[in-house]
Amino acid sequence: MNKPDELAWREALPSEEERELLRASVRGFLASHWPAAGAVERSEDRVAVATLWQGLVGQGLASLGHEPGEGGLREVAVVMEELGRAACPASLLGAALANLLLAPRATGDAASADLLRPLHAGQMRLAVASAGLGPDCQAGTLSCAHGVADGLLRFVDGAAHATHVLAWHDDAAVLIDLNQGGVKLSPTRAMGLSGGAGWAEARLHNAAVQRIVLPAGSRERFTHILRIALLARAHGAARHAFDMAVDYAKERRQFGQPIGRFQAVQHKLADNLIALEGVRLTLHHAAQAFD
């Protein structure tokens, strides 16, 4: 974008008040359709997750970041926080990356709108792979040629419920179709145990792939969006855990009084709140600077 376009983008972004309305709306929707109690168990249910995603699409979240009036990275961070708070595996991360990177406004290519149309309609659910974004090959390796891909992608976010994987290869984004064969998914192992429906490992052999050439600097933008969005989701989960701990400290009684009255417990909770507030402010400023 040139300078006038950047100024118009900033002026068209939602206000802080609108972001708080967005937060309240998403939190209310998830409380009704994906309550935190039992959320981990339901995350294994592909039908339940697909149904939830259609509901979020109906709320307009699949197009978040596509146009300035629909929000930027700050709005994406707000929704990711609420998804983390509810332990919800919906595929918003892939949608946000695609909208912020592939919109015609960002690419200068009107044809990219064809890629986003099925995403906005809820027909495409995007997982995200981090291979190729840094010098560390632990995230996996990918080779692409003549419309097919081979390799191993580790830590693919949301793959269990996805139709496609958005990844990076050399100087381009790539879209891997999970519906045409050539991809074997297995849960990423965590703490020596088999993982659940969070991250997955994808082994590719002659998998159908579409290469998307993007403007210079898009790889860095891809990385920034990915890091901020994942941090937002983790912060939402941590904040919910902290709220549960505070509630427990108010209810649990020892020696005839709530344990929240004990100074040692108060100090631990205060230290945790300070740490969480530091994360919140860092996250907010990073997303604001990106926008």
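Phenylalanine 155 lies in strand 3. The model shown here is predicted. Phenylalanine 155 has a positive phi of about 55 degrees, although it is not a glycine. In general, most residues other than glycine have a negative phi. At 33% relative accessibility, phenylalanine 155 counts as partly exposed.

A search of the whole structure finds three aromatic pairs. One of them joins phenylalanine 155 and tryptophan 199 in an edge-to-face arrangement. The ring centres are 5.7 Å apart, with 65 degrees between the planes. Tryptophan 199 lies in strand 7, so the pair ties together parts that are 44 residues apart in sequence. Tryptophan 199 also counts as partly exposed, at 41% relative accessibility.

## Strand 7 and its partners

Strand 7 covers residues 199–213 and runs antiparallel to strand 3, residues 148–157. Seven bridges join these two strands. Here leucine 152 stands opposite arginine 203 of strand 7.

Strand 5, residues 172–177, also pairs with strand 7. The sense is antiparallel, over five bridges. Isoleucine 176 stands opposite valine 209 of strand 7. Strand 6, residues 183–187, pairs with strand 7 in the antiparallel sense over five bridges. In that pairing, valine 183 faces leucine 204 of strand 7 as its opposite residue.

## Strand 4, enclosed

How many residues of strand 4 are buried? Six of the six, residues 164–169, so strand 4 is largely enclosed by the rest of the structure. His164, Leu166 and Trp168 point one way from the strand. Val165, Ala167 and His169 point the other way.

Strand 4 pairs with strand 1, residues 126–128, in the parallel sense over three bridges. Valine 128 stands opposite leucine 166 in strand 4. Strand 4 also pairs with strand 5, in the antiparallel sense over six bridges. The bridge partner of tryptophan 168 in strand 5 is alanine 173. Strands 4 and 5 form a hairpin with two residues between them. Aspartate 170, in the turn, has a positive phi of about 55 degrees.

## Two loop residues

Leucine 178 is found in the loop between strand 5 and strand 6. Is leucine 178 buried or exposed? Leucine 178 counts as buried, at 17% relative accessibility. Leaving aside neighbours within four places in sequence, its contacts include Ala159, Ala162, Val165, Val183 and Leu185. Thr163 and His164 are also in contact with leucine 178. Glutamine 210 is 32 residues away along the chain, and its C-alpha atom is separated from that of leucine 178 by 12 Å.

Histidine 146 is found in another loop, between strand 2 (140–145) and strand 3. Histidine 146 counts as exposed, at 83% relative accessibility. Histidine 146 has a positive phi of about 55 degrees although it is not a glycine.

Among the buried residues are Leu92, Gly94, Leu97 and Asn99.

The largest nonpolar core has 55 residues. Those with the most contacts inside it are Leu30, Leu83, Leu97 and Phe222. The largest share of this core, nine residues, comes from helix 6. Apart from this core lies another, of 20 residues, among them Leu142, Val156, Val165 and Ala207. In soluble globular proteins, nonpolar side chains tend to be buried together.

What does leucine 97 contact, leaving aside its neighbours within four places in sequence? Leucine 97 is in contact with Leu102, Val128, Leu166, Phe222, Ile225 and Leu226.

## Helix 10

Helix 10 has 28 residues, 263–290. At 1.5 Å a residue, helix 10 should span 40 Å, and its end C-alpha atoms are 41 Å apart, which agrees.

Which residues of helix 10 are buried? They are Leu269, Leu276, Leu283 and Ala287. What covers these buried residues includes helix 5 (73–85) and helix 9 (218–251).

## A charge over a ring

Arginine 42 lies over the face of tryptophan 34. The distance from the ring centre is 4.6 Å.

Methods: Residues are numbered from 1 along each chain as its sequence is written. This is a predicted model: local features need pLDDT of at least 70, side-chain atom pairs count only at pLDDT 80 or more; totals for chains, interfaces and linings use all residues. Side-chain values use heavy atoms; hydrogens and water are left out. Buried means under 20% relative accessible area, exposed over 50%, partly exposed in between (1.4 Å probe, protein chains only). Helices (H or I, at least four residues) and strands (E, at least two) are DSSP runs, numbered from the N terminus. Two strands pair if DSSP finds at least two bridges between them. A nonpolar core is a set of buried Ala, Val, Leu, Ile, Met, Phe, Trp, Tyr and Cys residues joined through side-chain atoms within 4.5 Å. Contact means heavy atoms within 4.5 Å. Rings of Phe, Tyr and Trp (its six-membered ring) pair if their centres lie within 6.5 Å; planes under 30 degrees apart count as stacked, over 60 as edge-to-face and the rest as tilted. A charge sits over a ring if NZ of Lys or CZ of Arg is within 6 Å of the ring centre and within 35 degrees of the ring normal. The expected span of a helix is 1.5 Å times one less than its number of residues.
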